[in-house]
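Hi,

Here is the structure I promised to pass on. My notes follow below it; please have a look when you get a moment.

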Amino acid sequence: MPEYRLVPDSIRENFNNFHPNELFENLHDIVLEGEVNADESDLSSSPEVNDALYEQQLDKSLLSKSSIVGLGFGLMSPVLGMCTSMSIGLKDGGPLTILIGFMVSGIFTWFCSLSLGEVVSKYPNELHISSAMLSSYLTDNTLDSKLRYIASWYTGWLMLIGNWTMSTSITFAGAQLTISLLLLMKSDLISETHLILFTVIVFYLVVTIVGFINLKFSRFIETINKICVIWIFYAIIFIDVLLLVFQAGKFRSLKYALFHFDNSLSGYTSAFLSFIIGFQQSNFTLQGFSMLPALADEVKRPERDIPRGMSTAVLLSTFSGVVFLLPIMLILPDLDNIFNNKNSNLLPIVSIFTQSTHSKFVSVFLVFCILGNLLFSGIGSITTSSRAVYSFSRDHALPYHELWTFVDSDSVSKVPKYSIWLSMGVSYTLGLLALFSTAAFNAFVGAAVLCLCTATVIPLILVLISGRRSIRNAPVKMKYKLGWIVNILSVAWLLLAMVSVCFPPQIPVTFSTMNYALMVYIFCLIIITVLYFQWGKNNFVLPHPMKTSLTSNPSTYAMSKSLVDLSRETDMEEFNSTNKSSTEENKYNNEPDAFQDLGRNPFDDENNIELQYTTANHHHEEKDFTKKHHSPLSSLLKTSEIDLSER
């Protein structure tokens, strides 16, 4: 009798050698230009990389590329994100909306990560700096250009609000899942009257735990992110296998799991509109990629590691999400049973587990697997939001910016502790809204996607307006024709995501079920605008790149380096004397002096002579260091496009 084999020998032998990371790297090699394959040491020292050269206070070697992937994977965990928002997809189409919609969203989100990765590679800083640099290119590097300040201001604040609200929504969703787990074990443990109160209490506990880990154990973030990836993978394996093994009823067909569509519970007559609204679930899960550039100060090679790590995390989340969702669609119970009154206090995913397995023990274990993701996602969200506060405060965008940028140099964990406390405080405050109105809280969850999408789309539009010339020579860059296509598709997708998140998942609506995300978003825009005129015009400062051709000519660059050495001592003596009184007023002993707070002396880094940074207020009072201190190099830089090789 011949031996029976389930899988052909060729596939079975090659399967052990298959590594998903190799597949992702091959995809990157197809769409990206050859610079990404260059030696890492060349990339890190390339004069084409525009680094803002702020004083380095954070640990530059804290995060590696693998850590960026792990942190991004935690923020975009399909296990936590798709499970806690499952009701949206189930009501607005079911399996087709959930599974196919997630695949479509994953592909376009990858396009967005590639497009944003080019910008971060060229300008490896938080996105408000990228918007400022891109605007400077469009305005011929005019120092007092309103465009660079306005674009940077709105990008920075929308990214900051998006970080805060996304962090809050992640931890609150985890709190809701925790309450569902408690009710699963004992249904009468919490009365419906006190359900929201106990959810907020659990939410406060989660925020406190992840905030404490960020404050005291940030030096272990590399290990935490590796554990995050392992946990999510094993959670997917355990959940999928146990659901298939303990399925008590009949399995759905593969056709049903992939293509069944039923939007009767949504109330919408248009199938297309329901499918678009269903993208809310996927966008809530995958939009976290745009939070990663805020970590540039803690990555050794941000011009390479953040773009590659960001896009790899999106691919990893998409691939694992499809694997995770398919078995759930195969054992999906009838929707009427999931949303009946008996299960009204449970999240739909918990009802799916209990009705498919008919085992409380197995269901509790499956929910526990999901809750493990909450810890890693919560840690990552507080990390990114606090770094967004720190980065934006360095340019005096926030009142009390000295406090938010303070880093204790003597501490073991060099983190902006007051920025972490501020991010935790914002989460505490937003969590209180749920006590008064769940609709108001849900509106901030929707506003998180709106703010993050807007902050991402601003620099991408600036790139397109410049004809992609503003990201020329970026270490990580898409091929020319492909770059245009991907950039346009990315902008279109982000705009579509913003439209989809404004619709209520179900109609007709009541006061408590209405989607107020658009109203909250408009309110945020009004507040940002008022802050600009009341605070930003007089306090907000930006680094400024001089329009020079110093790095375009080897002989020019060599001569410039010698001029740096000649002028360094004279310039620094003059500058230190003029700023002596300013440094004496520093609030903290180990706080950087006044000039370093705005941007490190550009003469300290010979490899980045392409950039000459200045600060200016919005009354156009130029504070250009080179104009106040006339050294040989200062005179040279005033002639913006002089060719020294001809002299």
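**The largest pocket**

The largest pocket is lined by 49 residues, with Ser87, Lys91, Gln176, Leu347 and Asn442 lying nearest its centre. A pocket here is an open set of points on a 1 Å grid over the protein atoms alone, where a 1.4 Å probe fits, with protein on both sides within 12 Å along at least five of seven lines; lining residues have an atom within 4 Å of a point. Among the elements that give two or more residues to this lining are α6 (86-91), α9 (146-185) and α21 (438-465), helices being DSSP runs of H or I, at least four residues, numbered from the N terminus. The biggest share comes from α21, with 8 residues.

Before you go further: this is a predicted model, where local features need pLDDT of at least 70 and side-chain atom pairs 80 or more, while totals for chains, interfaces and linings use all residues. Residues are numbered from 1 along each chain as its sequence is written, and side-chain values use heavy atoms, without hydrogens and water.

**Cysteines and an asparagine**

The structure holds 0 disulfides (pairs of cysteine sulfur atoms within 2.5 Å). Cysteine 451 is buried at 0% relative accessibility, where buried means under 20% relative accessible area with a 1.4 Å probe, protein chains only.

Asparagine 487 sits in helix α22 (residues 480-500) and is also buried, at 1%.

Best wishes

Conventions: Buried means under 20% relative accessible area, exposed over 50%, partly exposed in between (1.4 Å probe, protein chains only).
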